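This report concerns a ligand and the pockets of a protein. Please consult the sequence and the structure shown below.

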Amino acid sequence: MTMPERGALIVFTGPSGVGKGTVLDALEASGAHFFRSVSATTRAPRPGEEERGAYHFMTVPEFERLIAEDRLLEHAEYVGQYYGTPAAPVDEALREGTDVILEIEVQGALQVRKKRPDAVLVFLLPPSMEELERRLRKRGTESEDKIRRRLEKASAECAMSDAFDYKIISDVPELSAARLAEIIRAARRSQPTN
Ligand code: 5GP
């Protein structure tokens, strides 16, 4: 019996508000088949997020238990809250031959690179910092103070984008999604065979 070819592990990073989720929605709408990892977080849900299953929302002690039990592939603190990727669903999807996309911030992306050298790291860049600010404000979910903290974080994050394998400019979501699809295809071709 031949083993299924392993899926590709794609890390999709970019500052808060740049449009990572919108690009992944466009990729799904184009018919691409992939596993979209659901992160754990201690931040409070925004309206509608719980119903959409956007995150596993939990308390700090619950999150710290996941860390202690080594059940996270990576985790980071981002503007005062914990975020992390549960490892088991990712590994299961990869074993079954499904490509996996992690939508995470920079510190987590660099942890994944260390643990999984075969992961492909993609950075989604805003067309400009002014445009990023406009998108963050348009979302209308954060207070002024939180928007400020996210924008400060964004400058530091974009300064690290050279450490990534690929950079995509977040302009038209469908075009960014098409570029991401090409990157995934290339990652699959370069996978070691079983
Ligand atoms: P937000 O609060 O806007 O949903 O997320 C804040 C930042 O954390 C975003 O850049 C988002 O991509 C990132 N993030 C979401 N889930 C994870 C995760 O599991 N791990 C890490 N390291 N970052 C995450």
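## Basis of the description

Ala, Val, Leu, Ile, Met, Phe, Trp, Tyr, Cys and Pro count as nonpolar, Asp, Glu, Lys and Arg as charged, and the others, Gly among them, as polar. By these classes, the lining of the largest pocket divides into 12 nonpolar, 13 polar and 15 charged residues.

The model is predicted: local features need pLDDT of at least 70, side-chain atom pairs count only at pLDDT 80 or more, and totals for chains, interfaces and linings use all residues. Residues are numbered from 1 along each chain as its sequence is written, and side-chain values use heavy atoms, with hydrogens and water left out.

## The largest pocket

A pocket is an open set of points on a 1 Å grid over the protein atoms alone, where a 1.4 Å probe fits, with protein on both sides within 12 Å along at least five of seven lines; lining residues have an atom within 4 Å of a point.

## The ligand

The ligand sits in the largest pocket, meaning that more than half of its atoms lie within 2 Å of the grid points. Around the ligand are 19 residues, each with a heavy atom within 4 Å of it.

An oxygen atom of the ligand is 2.7 Å from a side-chain N or O atom of Ser39. For Tyr83, the corresponding distance from a ligand oxygen atom is 2.6 Å.

Methods: A polar contact is a pair of N or O atoms within 3.5 Å; within protein, one must be able to donate a hydrogen and the other to accept it, and residues adjacent in sequence count only if both atoms are side-chain atoms.
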